[in-house]
Amino acid sequence: MKTYRIATIPGDGIGKEVVPAGQRVLEAIAARSDAFQFEFENFDWGGDFYRQHGVMMPADGLDAIRNKDAILFGSAGDPHIPDHVTLWGLRLKICQGFDQYANVRPTRILPGIDAPLKRCGPKDLDWVIVRENSEGEYSGVGGRAHQGHPIEVATDVSMMTRAGVERILRFAFRLAQSRPRKLLTVITKSNAQRHAMVMWDEIALEVSKEFPDVKWDKELVDAATARMVNRPATLDTIVATNLHADILSDLAAALAGSLGIAPTANLDPERRYPSMFEPIHGSAFDIMGKGLANPVGTFWSVVMMLEHLGEMAAAQQLMSAIERITADPSLHTGDLGGTATTVQVTDAVCAILAAKPAAEFKAA
Ligand code: NAD
Ligand code: MN
């Protein structure tokens, strides 16, 4: 029996509610299988840890999780600590420390979900956004001088390396190639940003030659937002910079019904380090501690984790269990207009996984 070692890092806010829910679902999946099991280790890093120790995670924290097979993450963000401290002190430390350069964000309208794009059917919105996750606008390069004086200055320098752009574009072309439509849209802002974004466009053209069977086009990021709303079916795989894709994927999540549903994978495609899986939402201060968080974004992230581990059948089984519970409005949480709690939704998914015999899943 194979054992996967999983680090769970709930972090802050509703991360503390959805990560335990995700662990329960992983346990339910493992209970169905004779082939694999999970060994969890939990890390209490985040805002509370910061209040005790002055840091979001220990200095040697990466070494504690370096040998895990995957990381399940909740959220970094505490109402009493500045957001740039929590983000850089935990989530970005892991993403950048483990060179998880490909951030993958699938978006679909799941069964039973009332999405704002009324004109389009579920089949018209089936995207995967690939976000450059290691450099660009989030390189952390910059500084401040003359602080507090009228001549104060502040810079955030967006660093784009040829190696970094090549590897994310190659990843995106390969992902597009693996999907039925073999369609990629490369999003930049190469009219206004005439250095790095022009280099992106040039490298996209070069890399495209390695993938003659992938159809691709370019779009400026502002026009891309309108295209997502007006012509969603013209998009399939999308690749963009760290900042642009961050924004576009929140839009994508909202268009598909709720931020509470959307999953993401921070991948090291070369598998030198563990990859990290998390819902795209944050700590949700307005609902934290109340048991109201939608755990579906975490469950879908668990599906991505199972795929990454190569457990394709288990991933499929969990995804179909998720789609069965979204199809039932009595299992919708508040963000979807319902009254279900985190625990009720989690119980329902676990019950489906416990009830359905493996043979039936394979047939489905
Ligand atoms: P947020 O995602 O926490 O919340 C935005 C809105 O969506 C809120 O109204 C919230 O209640 C709702 N929402 C989000 N997830 C939900 C869920 N699972 N179920 C039901 N409703 C849900 O974004 P924010 O308010 O901009 O950020 C709050 C904090 O989280 C900040 O500190 C921010 O820095 C942090 N944050 C962290 C991450 C991360 O660690 N990956 C991502 C985004 C924001
Ligand atoms: Mn974001």
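**Largest pocket.** I sorted the lining of the largest pocket by class and got 18 nonpolar, 5 polar and 14 charged residues. I note here that the model is a predicted one. Next I looked up the volume of this pocket, which is about 1,100 Å³. The lining has 37 residues in total. I then asked which of them lie nearest the centre of the largest pocket. They are Val-104, Leu-175, Ser-178, Met-304 and Glu-307.

I went on to the elements behind this lining. Three strands each supply at least two residues: β4 (102-108), β5 (126-132) and β11 (263-267). Domain 1 (1-103 + 262-364) gives at least three residues to the lining of the largest pocket, and so does domain 2 (116-141 + 156-255).

**Second largest pocket.** I read off a volume of about 480 Å³ for the second largest pocket. Its lining is made of 24 residues. Nearest the centre I found Ala-76, Leu-87, Ile-280, His-281 and Gly-282. The elements giving two or more residues to this lining are β3, α4, α8 (242-255) and β12 (275-279). Which element gives the most to the lining of the second largest pocket? I found that α4 does, with 4 residues.

By class, I listed 10 nonpolar, 7 polar and 7 charged residues in the lining of the second largest pocket. For the domains, I found at least three lining residues from domain 1 and at least three from domain 2.

**Ligand 1.** I turned to the ligand. How many residues surround ligand 1? I have 21 on the page, and the closest are Asp-83, Gly-282, Ala-284, Asp-286 and Asn-294. Gly-282 is already in my notes, as one of the residues nearest the centre of the second largest pocket. By class, the shell around ligand 1 holds 9 nonpolar, 7 polar and 5 charged residues.

I looked up individual atom pairs next. An N or O atom in the side chain of Arg-91 is 3.5 Å from a nitrogen atom of ligand 1. For Ser-283, a backbone N or O atom lies 2.9 Å from an oxygen atom of the ligand. For Asn-294, a polar backbone atom is 2.9 Å from a nitrogen atom of ligand 1.

I then checked the cover. Ligand 1 exposes 800 Å² when taken alone, and the protein buries 72% of that. Last, I noted the elements that give two or more residues to the shell: β3 (70-75) and α4 (83-97). Both are also in my list for the lining of the second largest pocket.

How values were computed: Residues numbered from 1 in each chain as written. Chains lettered and ligands numbered in written order. Predicted model: local features only at pLDDT ≥ 70, side-chain atom pairs only at ≥ 80, totals over all residues. Heavy atoms only, no water. Near = heavy atom within 4 Å. Polar contact = N/O pair within 3.5 Å; in protein donor to acceptor, adjacent residues only side chain to side chain. Areas by Shrake-Rupley, 256 points an atom, 1.4 Å probe, with all protein chains shown as cover. Nonpolar A, V, L, I, M, F, W, Y, C, P; charged D, E, K, R; others polar. 1 Å grid on protein atoms, 1.4 Å probe; cavity = no way out; pocket = protein on both sides within 12 Å on 5 of 7 lines; lining within 4 Å. Points joined across faces, edges and corners; volume = space filled by probe spheres on them. Domains from an automatic or database assignment.
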